[in-house]
Amino acid sequence: MIIQLQKNIDEGQKGQIIDKINSLKYSTTEVNTQKGSYIIGIGKKDFDIRQLGNMPGIADIHIVSDDYKLVSAKWKVEPSVIDLGDGVSISAKDFAVMAGPCSIEGEAQIRNTIQHLKENNIRIMRGGVYKPRSSPYSFRGMGIEGLQLWHQLASEAGIKIITEVMQVSQIEEMYPYVDIFQVGARNTQNFNLLDELGKVDKPVMIKRGISGTIDELLYSAEYVFSGGNEKLLLCERGIRTYEKASRNTLDLNAIPILKEKTHLPVIADPSHGIGIRKHVESMTLASIMAGADGVIVEVHEKPEEAFSDGQQTLDYKESKCLYEKIRQVYELRQTF
Ligand code: PEP
Ligand code: MN
């Protein structure tokens, strides 16, 4: 059960509501986000909702049968909109293309990526400055200096930044330079990180865990929302299966299933999802037809020289062609 509280509720009224819910043998958790205040009631016994309905301070009561509550589509019928400012939004109505290298490598690379994005009307640049690498000897990112430089150049160009935060201690230093914090697939269930991102007033995109279920992804988002941050995006980036012919298995099924289960925008990552450059285009377009609200794609001027993930990275010519097809397929989807 989600109890939406009125904006002007006083502490006394809140206390009475909590006492009443507890007396019905429901536990309570208070949630205060950028957009509202809620009490989450968890319990088993059915009761007559009118017992609560008339209490002062309550704006609305929603019975949500899912185990995750706040991210469920059962109470919030309108899809959520993530507003990044300067006319950049992500939602079911504003399809987002995020593109850029796997890793931020240096000033020249940042500059020419920004130019490529501007030429193609792409407003959100991806890139990692803290890289989770399977081998400790691989390039592990430029760190905060790389992010600061990137932010300076991107903000001059009106480009928004999405980048991965790997641990709690990085959040504060990254905060001024980030438009969307990305939680990587290896951190989907890092509950300490999710708790801390709940305290942040910036959007967070959570990637599905490498072996994570759809429900586990939704629970991870519930951590951030219940921690106080409802600016959330979910990302299907492929899961590990027995299949060896592709790097991961992009779970296209997850897209319509997530869209049904949650009001949060759903982003597809076909680059990591298949891991093979020549098939990124078809999986991107398939993700759009499956209902994605956006895609995140790896691009690099010279993929063969990229510090990481070159094998799944498009060059500028390939990505330009992809952006055009994305627009065509998205338009086609809207006619259905
Ligand atoms: C990335 O986006 O470069 C990345 C490391 O993604 P994931 O966490 O999905 O592996
Ligand atoms: Mn990558």
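This is a predicted model: local features need pLDDT of at least 70, side-chain atom pairs count only at pLDDT 80 or more; totals for chains, interfaces and linings use all residues.
Trainee: What makes the approach of Arg126 to ligand 1 a polar contact?

Mentor: A polar side-chain atom of Arg126 lies 2.8 Å from an oxygen atom of the ligand. The cut-off for a pair of N or O atoms is 3.5 Å, so this pair counts as a polar contact. For Gln182, an N or O atom of the side chain is 3.0 Å from an oxygen atom of ligand 1.

Trainee: How much of the accessible area of ligand 1 does the protein cover?

Mentor: On its own, ligand 1 has 300 Å² of accessible area, and the protein covers 97% of this.

Trainee: Why is the pair of Tyr26 and Phe47 called edge-to-face?

Mentor: The ring centres are 5.3 Å apart, and a pair requires them to lie within 6.5 Å. The planes stand at 85°, and an angle over 60 degrees counts as edge-to-face, so the name applies.

Trainee: What does the pair of Tyr26 and Phe47 tie together?

Mentor: Tyr26 lies in the loop between helix H1 and strand S2, and Phe47 in the loop between strand S3 and helix H2, so the pair ties together parts that are 21 residues apart in sequence.

Trainee: How do you know whether Tyr26 is buried or exposed?

Mentor: Its relative accessible area is 10%. Buried means under 20%, so Tyr26 is buried.

Trainee: What makes the position of Lys202 one in which a charge sits over a ring?

Mentor: The charged end of Lys202 sits over the ring of Tyr175, 4.5 Å from its centre, and the distance limit is 6 Å.

Note on methods:
Residues are numbered from 1 along each chain as its sequence is written. Chains are lettered from A and ligands numbered from 1 in the order in which they are written. Side-chain values use heavy atoms; hydrogens and water are left out. Rings of Phe, Tyr and Trp (its six-membered ring) pair if their centres lie within 6.5 Å; planes under 30 degrees apart count as stacked, over 60 as edge-to-face and the rest as tilted. Helices (H or I, at least four residues) and strands (E, at least two) are DSSP runs, numbered from the N terminus. Buried means under 20% relative accessible area, exposed over 50%, partly exposed in between (1.4 Å probe, protein chains only). A charge sits over a ring if NZ of Lys or CZ of Arg is within 6 Å of the ring centre and within 35 degrees of the ring normal. A polar contact is a pair of N or O atoms within 3.5 Å; within protein, one must be able to donate a hydrogen and the other to accept it, and residues adjacent in sequence count only if both atoms are side-chain atoms. Accessible areas come from the Shrake-Rupley method with a 1.4 Å probe; for residues, only the protein chains shown count as cover.
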